[in-house]
Amino acid sequence: MRRDVILMVCIASLCLVWLGLQFEPEGPGPVESLSGTSLLASAPEMFKRVTRPEPLRFPADHAMHPGYRNEWWYFTGNLNGPEGARLGYQFTLFRFALERTEVSSQTDDPPSDFTAAAIWMAHLALSDGRTQQFFQHERFAREALGLAGASEQRWWLRDWAVRATERGWHLKAGTDDFGLDLQLQPGKPIVLQGEAGYSQKGPQAGNASRYYSLTRIETSGQVRIGDALLQVNGQSWLDREWGSSQLSDDLDGWDWFALQLDDGRDLMLYRLRQSDGTASPFSAGVLVETDGRYRVLTANDFELTPNRYWTDAQGIAWPLDWSLQLPLADLKLEVHAVFDQQRWDRSVQYWEGMVDVKSSGAPVGRGYLELSGYADTGEQAANTLAIERR
Amino acid sequence: MQARITHRFFKRHLGQLLLALTGIAAGIAVVTGVALLRGALLESLDAAGSVLVGEQTISVRSETGRVSVRQYADLAVKPGAPDWIPVLRLPVQVNGQRFEIVAVDPLVAGAATSPMLGPGSSLASTIDMNGPASLVIANRTLNALGLDADDELVVEHQGQVVELPIAAVVEGDRSMDRRLLMDITQAQALFGSRGELSELWTASVSSDWLDEHLPPDLVWQTSAERRDSAASLTAGMRANLTAMSLLALATGMFVVYSVLNFLIVQRRHDFGMLRALGLPPSGLLKLLLSESLLLAAFGGLIGLVIGTWLADQLLALVAQPVGELYGQLPLVESAPSPGLYTAIWLLGLGAAILVSVPLVREAYRVPPGRLVRSQPPRGWTLVQALGFGLFPMLAGGLLLLLSSGLTAALAGLFLILSGMVMMMPAAGFGLLAWLGHLMPRSLWGRSLVLLQSSRSRIAPALAALTLALALAMGMAMMILGFRVALDDWVGRLLQADVYISVDRTEQAVTPAVQLDDQTIGRIAAQDGVAAWSSIRQRRLADGRRIAAYDLPEQAWPGFEWIDGTPDRGQFEAGLAVFVTEPFARNQDVAPDGVIEIPTPQGQKQLRVAAVYRDYSSDQGVIAMNGVQYRDWFDDPIRDSVGVYLQPDQPLTAWLDDLSEKVFARQLSWITPAEVRQQSLDVFDRTFRISWALALLVGLIALIALTSALLALGLERAREYATLRALGLSPQGLMQLIMVQTGGLTLLALTLAVPMALLMDIMLSSSIQPRAFGWSVPLDWPPLAPLVWTVPLAVLAGLLAGVYPALRIVRSPLIRNLRAD
């Protein structure tokens, strides 16, 4: 009898196991991803390289530069709202050119309505110092059907747009949760970074970009948070950059500072981080005087030291407080994040937020800090944009 | 001790054990198979859009069927516009199966993960936008195709065949079944579908924004609304399947009853002994119930396994017709859940308890110490049976008359069948007695009369057998009768000599010729043309279908009017429409009712003049005047043109002229005979599932027959031995047993035929109209199912007699004489 019972139990168990397997979830399939940093570190041969200084022309160079792998229009700004409200914003348009394929290359009579030479990404963020809330939203579009583009007069991704005005630009972008409607008027002339706008970032030919900035832009308008409209004014900063493979392969990321001092000077510094953690010799910066004259800085001119790290929910540590020394201008500054949670967690993972600038503990200015490449390793690798997957 | 008793008994009667298990497993398998199939049909219904960008997906479609790319671009840049994902759906064939390419712009969805692709996957990270054209496929679909990730898929779209590599294999949820994701740029370039999109998706947008910004010809729907409307499409098919599966379970349970009943007969002696040894009635109850439950539990598990396998086979059968009829893609395999398995398994246990109740009652009647077999109680008399059977039949009839719902009709059918089943044994034995009296002195007559003594044993088996045979034959009759009706309908509908459409196989990408007024003018100008008709079909955004007709005098006899007055003048003036029977039933409209049609020019109202017979869509069609349609929808194209030739004009010569000289092979044509054949092919594919179910029920009938006859033969071993001892030769005994089993089969067949006819009538006149909207004209039932079933059943009956006959003939007389 025991044998028969065992036999029945075995058959029943087999049935149960088989039935159980019917609703076992299957393992995930292969899904590849790409980090944000690698987008800037490599580009197929078909793209133009920035290899030497060339004169920049305006307003023509405000428009996009087809032929290069990537390009961006990068606004950041510190704003004052009613009752001492402290706000910061970021609005960026990124253009990533696609490799020419059978589909994308036939631009005269494209085989598809969606045939595009590039894809565009827009990042819109708002930091509310009162509530320490960080609003972020990203958008993508193909450079097709008029969905995105940049001319001398207009830079846009769908209805998020920067339009040229008589005295500067009008920036308008928003989501259901927040929005910006800002008038921007440059207070200083254009600053050409590096050697007349030729900004070398690595040892190889082509490890460079065209780079110019407007470091102080008078800003006024409205910020919307939910349904609340806040009248604001303050200072913005515009960075424009384009190139192909501007970063060398051994770089992990960068720390970028855009600081507007109360004495009227502006200071931009970027520290390119090498794989071993040290600063690349191609790190650089610029110090802009009150009257708009500027001095280009090299890696040897300044020193940046992280003082405090903030660990996010994913366990990634971000350096949010820094010491900065610029002996040639007799500057010893401390840079502090206004609040910690200003981290982008969308397609590209980075930290970008408003900072206070202090000297010996006293406030001397405001600015924006960008930390890139910290989340590009292991499982935290920035997880989308399969542009170069193959 | 009880376990030992059970074990010893079943060990000695392994055949009976296997039969009981088979009965349970077969019933549960059919219920499981159909339940899973229902789920598969329901779950996949157009879920792709709803889960690709989350549960809150809103989909925007056009009244004209296609959203133009320009409309998309305009909507995308409007202030406050949400992230619209443009979607192009292309029906394709892969390995002869219907698939769908869902081409999207993955970029818009960005990093947002998509439930459709599986945990953590986003469209942007999965779909390759920049490489050569490639596909994203779900693991399950890939496995179902028997392919590897390195293989290329051969995809056919409108005659164009392309080989596409697989860019990524995702876990995917059920909505990825039979769907191939691809980048919209690549899909448009590959299949030449520029300019138009199937729909737009977005994860969330306020209805205020939509109301303010959507152009009038675009409409929006939430995922829940889409699911509801898609689910209602196949409601009839699913209800029918469920009803049939429950009937199959009922038949299976008859088998179980018959076997358990036999087992009790075999053990009357044991029970008497046990009672004499002090086993209380409750102990006996426990013993019998635990045996039934054990059998049901074990057989149920096996049934679940077989049913799951069966579901996938049924799914393969039904995939094509579901695609053709409903424009839906079923899953590649069924989606079982622990809940469903448990429910069906418990249903099996419940049914086992149910059939055990009368058996336990009978076992209770065995007095303690009864060591010899007693004559079991006789069954109902014919009058009793009529009395008991008429009640549920009347209830069922009333239900059918008083309610117009499908569920009520199925319940009515159940009740009527139950009533008939109750009458069957009494009617059968009445017939048996009459036959016996016809030939009182022959061995045949005596053999049949002998059966009367085992009446209560044979009755359930006879009822099961009759029900199973009636189900199998009734379903087959309905299908064949419907096929005849469809054939007649197609024959009447197609009045033209030839139907012409644009050839999409020769020039799949962008046909140079379109069937517009100019082209039709050139066709009509050919020599030999007497008249022409045209049709343009369009699915409205709410799912209703319009057929816009231009009809000459010759085409009108193609309609078979069911209700109302077919006022041609009103139709041609664009003042009235005709609707098909399913449309009238589904939408609850009648002649002189008014229907609203959303058009690019706003809502239009039209009077319904008449209802006509149509089997082309169970959702129904609105037939409207072509001129009116073209005016409202600004769509000058026709899908096909019917040409009526002059009597002396040979068709072949006319077609040669048309294709070679006028349109250089840009047109294709089809004759009414070919359309008829294609329609019947579609029909046959559609009813594959019903055939499969009829076959399954037939199989269960065979099991019922075999088990009943084997039980009968084994039970009567002692009587047969007595006959041998009295001088009946082994050959005579063989003959007697075979006459009994063959006779029983014939008896069941005789009873099953009227039941099958009744089922055919009820399915055709009551269930079909309620499930699908159309009625089938009553006609002589097709007799082919009888022709197939009768010889098969008789043969099975005879074969089922062979084993017990041989066993009795070969075994020693003395043992059988002593047997109890």
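Helices here are DSSP runs of H or I of at least four residues, numbered from the N terminus. Axes are lines fitted to C-alpha atoms, for helices over the stretch in contact, and angles run from 0 to 180 degrees between N-to-C directions. The model is predicted: local features need pLDDT of at least 70, side-chain atom pairs count only at pLDDT 80 or more, and totals for chains, interfaces and linings use all residues. Residues are numbered from 1 along each chain as its sequence is written, with chains lettered from A and ligands numbered from 1 in the order in which they are written.

**Stop 1**

Select residues 443-451 of chain B, helix α17, and residues 730-772 of chain B, helix α27. They pack at about 60°, axes 9 Å apart. That makes α17(B) oblique to α27(B) (under 35 degrees is roughly parallel, over 145 roughly antiparallel, 65 to 115 roughly perpendicular, the rest oblique).

Now show the contact residues, meaning pairs whose C-beta atoms, placed from the backbone, lie within 7 Å. On α17(B), they include W444(B) and L448(B); on α27(B), V739(B) and G743(B) are among them. The contact of α17(B) with α27(B) divides into 7 nonpolar, 5 polar and no charged residues (nonpolar: Ala, Val, Leu, Ile, Met, Phe, Trp, Tyr, Cys and Pro; charged: Asp, Glu, Lys and Arg; polar: the others, Gly among them).

**Stop 2: along α16**

Next, select residues 406-438 of chain B, helix α16. Its 33 residues reach 45 Å from first C-alpha to last, close to the expected 48 Å (1.5 Å times one less than the number of residues). Where does α16(B) bend? Center on M424(B): the bend there is about 35°, and a proline, P425(B), follows within four residues. The bend is the angle between axes fitted to the seven residues ending there and the seven starting there.

**Stop 3: α16 against α27**

Keep α16(B) and bring back α27(B): they pack at about 170°, axes 10 Å apart. That makes α16(B) roughly antiparallel to α27(B). M424(B) of α16(B) and R770(B) of α27(B) are among the contact residues. This contact of α16(B) with α27(B) has 15 nonpolar, 3 polar and 1 charged.

**Stop 4: α16 against α17**

Finally, show α16(B) with α17(B): their axes come within 8 Å and cross at roughly 155°. The two are therefore roughly antiparallel to each other. Their crossing is left-handed.

How values were computed
Two residues are in contact if their C-beta atoms, placed from the backbone, lie within 7 Å. A crossing is left-handed if the near helix is turned anticlockwise from the far one by less than a right angle, and right-handed if clockwise.
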